[in-house]
Amino acid sequence: MTDLRDVTLRDGLQLTGKPLPTARKVAVVRELLAAGVPSVEIGSMARPDLVPPLADTLDVIRALDPDELARCWVWVATPRHVERAAEAGAVNFQYCLSASDAHNKANIGRSTEDSLAAMPRAVAAASAAGGRIQLCIATSFTCPFEGAVPEERVLAIARDARAEGAGDIVLCDTLGQAVPAQVTSLVARVAAETPPRRIVYHGHDTWGLGVANTLAAIAAGASEVDGALGGLGGCPFAPGASGNASTEDLLFALRPSWLTPSSFARIVRLSGALLDELGEPNRSRAAQGARTSATAFPWALGEEVSCR
């Protein structure tokens with residue numbers, strides 16, 4: 001079975017021009033969890049001056065209870081990030097670095113090697129907090145500065161002994177430039193040629209292949225995938241990156257066992273309201289499809305839904 005993690009409140013908000021109040025973020029987390037979404041990424045420990053929409057991440061963590069935090073993830077890039085998030089109550093950490101040095105320096109301010117060298121301390125900090133940590137490899141397919149990223153580069157990072165302790169590995173199509181054959185190849189090789197761990201696929205929809213690439217990743221061995229409401233998102237340090245694969249589109253395609261027409265409608269309504277608040281377009285085709293007048297179809301909402 002494939003799990004879905006909603007990343008609206010981290011990756012989704014990174015490029016928004018309008019801030020979302022902390023209380024609203026907490027309400028979105030609770031609404032997603034109540035609708036059945038297995039896990040949610042709730043923020044980032046990146047410098048607040050560099051990513052202002054995520055400056056209140058510690059406040060979001062503190063507002064959630066332990067049961068909620070057990071299903072929530074926080075983006076980190078240093079051991080100190082892990083420690084600070086853990087002090088606030090976080091227990092799940094996504095330790096991110098880039099396959100390409102140029103993007104790692106733009107995104108995190110250091111080389112990929114430096115990020116790898118620091119990872120054992122991040123693993124230790126997560127363990128001390130009784131938490132879990134993932135190894136997240138951004139630019140696993142292409143880099144905005146260096147171009148195509150060789151599979152061997154990603155495999156070398158995945159095999160690196162300094163990443164031991166990470167229970168999951170996240171493979172990111174940061175720019176949304178990969179095609180299904182590339183995704184199939186890399187995910188299959190990571191599954192076959194690196195230490196056994198759960199594989200997570202994080203795809204963007206820049207070139208319209210977010211859902212197709214995600215399905216390819218699942219077929220090749222990924223057991224969790226990321227999406228954002230309405231296809232919101234992008235990376236401020238990766239020119240050309242646009243929105244994530246849409247949570248609604250992925251759910252409609254995957255039909256996980258917990259998803260019902262009622263819970264799908266709940267998520268579509270949440271997405272429409274949130275994107276209206278932010279003044280952002282809704283890129284989800286499934287959310288648009290839910291407005292169909294063919295109300296005999298059980299997945300139709302049977303009402304007008306805001307799809308900007």
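This is a predicted model: local features need pLDDT of at least 70, side-chain atom pairs count only at pLDDT 80 or more; totals for chains, interfaces and linings use all residues.
Residues are numbered from 1 along each chain as its sequence is written. Local features need pLDDT of at least 70, side-chain atom pairs count only at pLDDT 80 or more, totals for chains, interfaces and linings use all residues, and side-chain values use heavy atoms, with hydrogens and water left out.

**Exercise 1.** Determine which strands pair with β2.

*Solution.* Strands (E, at least two residues) and helices (H or I, at least four) are DSSP runs, numbered from the N terminus. Two strands pair if DSSP finds at least two bridges between them.
- Step 1: β1 (residues 3–6) pairs with β2 in the parallel sense over two bridges, and R5 stands opposite S39.
- Step 2: β3 (residues 72–76) pairs with β2 in the parallel sense over four bridges, and E41 stands opposite W73.

**Exercise 2.** Decide whether the residues of β2 are buried or exposed.

*Solution.* Buried means under 20% relative accessible area, exposed over 50%, and partly exposed in between (1.4 Å probe, protein chains only). Six of the six residues of β2 (residues 39–44) are buried, so this strand is largely enclosed by the rest of the structure.

**Exercise 3.** Classify the ring pair of F264 and W299.

*Solution.* Rings of Phe, Tyr and Trp (its six-membered ring) pair if their centres lie within 6.5 Å; planes under 30 degrees apart count as stacked, over 60 as edge-to-face and the rest as tilted.
- Step 1: The centres of F264 and W299 are 5.6 Å apart and the planes stand at 80°, so the pair is edge-to-face.
- Step 2: F264 lies in helix α11 (residues 261–278) and W299 in the segment after α12, 35 residues apart.
- Step 3: Both F264 and W299 are buried.
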